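Here's a quick walk through a few spots worth a look. Have the model open and follow along.

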Amino acid sequence: MQLEKGRLSIACVCMVLGFMLVIQFKSTEDIRASQPSQRVEELAARLHQAEAENKELEAEIRDLRGMSGDAKSEKITDDIMMISGMTPLEGPGVIITIDDSAKKAKMENDPNLYLVHDEDILKVVNELRAAGAEALSINGQRLTANSEIRCAGPTISVNNVRSAPPFEIRAIGDKDNLVNSINMRGGVADSLKVWGINLTIQPLDNVWIPAYKATTKYKLATTSSKEEETK
Amino acid sequence: MIYAVVGLLIGGALGFLVPFGIPAGYSSLFSVALMACMDSVFGGIKAACSGTFDDKIFISGFFTNSLMAAFLVYVGDRLGIDLYYVALLAFGLRIFNNLGFIRQHLLKKH
């Protein structure tokens, strides 16, 4: 029979084939095994986070229950004062200064790119908030829930007060988190550096942030007793 | 036939002992090469059944087919042509054709 002639060659070829089959089988198994384990890790992390949050909230409930009526309302008032920006605050944080570019604008580029804009400030503030900043101010103007950051000619208006560069942004929060959020690769600092805009970030143990100076008056809005919108 | 089975077993054992697998990026190339190898083997068995088996053709076909298949798929990948599916389809069709031939041959013999 012809098959006998090529015994050795067939053995060799079958060896290679078996080798390849097993390698392929192993790789497919690896791919299958790796996906669920990632999912498990992700879920475990989420569970930890939820548990930590739960503990915090329970502690808050205990605190509030333990207090008498006056102390309770005082604590709530304090919280509201802090949230609304009615009191000056201090704590660990960062001071960021941003100034227009010292580079000479190239002919082919828009000179606007070398100036600090309201958008740049907004991006920095957004990044700081995402990193857990508890209070923010720009050139002495406390940022509240109603604050705007808006272009006003060559100046930027915050709380309807105009100020010119250099801008000093103060933030209270976890120092490392705040510094990293600004300095992360491809982040705000990186994109501003391209145009030579000077952004310096200084972590400090004690940053003082002023209170919101203007008064907030609600002329049109009234409080509603409805919990959900009814049609 | 015993040689073939022994070869398969040795190859499989080697594959288990080797600590590395195929990186995800090359898995499609490797699977096409594997299909080409299987096609060659079934082609070889068919040739042996019909009595036209030649070990030179068999071995050269085995290696050239698998390398060329992987290479073509790689080139197709670079050019944005999904030759991967084409190769799988072509080899798959041939494997089933050969299987059919072998089955008929064995049935006629016994």
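Predicted model: local features only at pLDDT ≥ 70, side-chain atom pairs only at ≥ 80, totals over all residues.

## The annotated stretch in chain A

The UniProt record, an unreviewed entry, labels residues 40-74 of chain A as "coiled-coil region".

Next up is strand β2 of chain A, residues 135-138. A:Ala135 and A:Ser137 point one way from the strand, A:Leu136 and A:Ile138 point the other way, and all of them are buried.

Which strands does β2(A) pair with? One is β7(A), residues 167-172, running antiparallel to β2(A) and joined to it by four bridges. Within that pairing, A:Leu136 stands opposite A:Ala171. Another is β3(A), residues 141-142, also antiparallel to β2(A), with two bridges between them. Here A:Ser137 has A:Arg142 as its bridge partner.

β2(A) and β3(A) make a hairpin, with two residues between the strands. In the turn you'll find A:Asn139, which has a positive phi of about 45 degrees.

## A serine that meets the turn

A:Ser163 belongs to strand β6 of chain A, which covers residues 161-163.

Is A:Ser163 buried or exposed? Its relative accessibility is 16%, and the cut-off for buried is under 20%, so A:Ser163 counts as buried. Leaving out residues up to four places away in sequence, A:Ser163 touches A:Asn139, A:Thr155 and A:Ile156.

## A phenylalanine in chain B

Over in chain B, have a look at B:Phe91, which is part of helix α4, residues 83-109. B:Phe91 has a relative accessible area of 13%, so this residue is buried too.

What does B:Phe91 touch, setting aside residues up to four places away in sequence? The list runs B:Val32, B:Met35, B:Ala36, B:Asp39 and B:Ala69. Take B:Ala36 from that list: B:Ala36 and B:Phe91 are 55 residues apart in sequence, yet their C-alpha atoms are 6.4 Å apart in space.

Notes
Residues numbered from 1 in each chain as written. Chains lettered and ligands numbered in written order. Heavy atoms only, no water. Buried < 20%, exposed > 50% of the residue type's maximum accessible area, 1.4 Å probe, protein only. Contact = heavy atoms within 4.5 Å. Pairing = 2+ DSSP bridges. UniProt positions renumbered as here; feature names shortened; annotations may be inferred.
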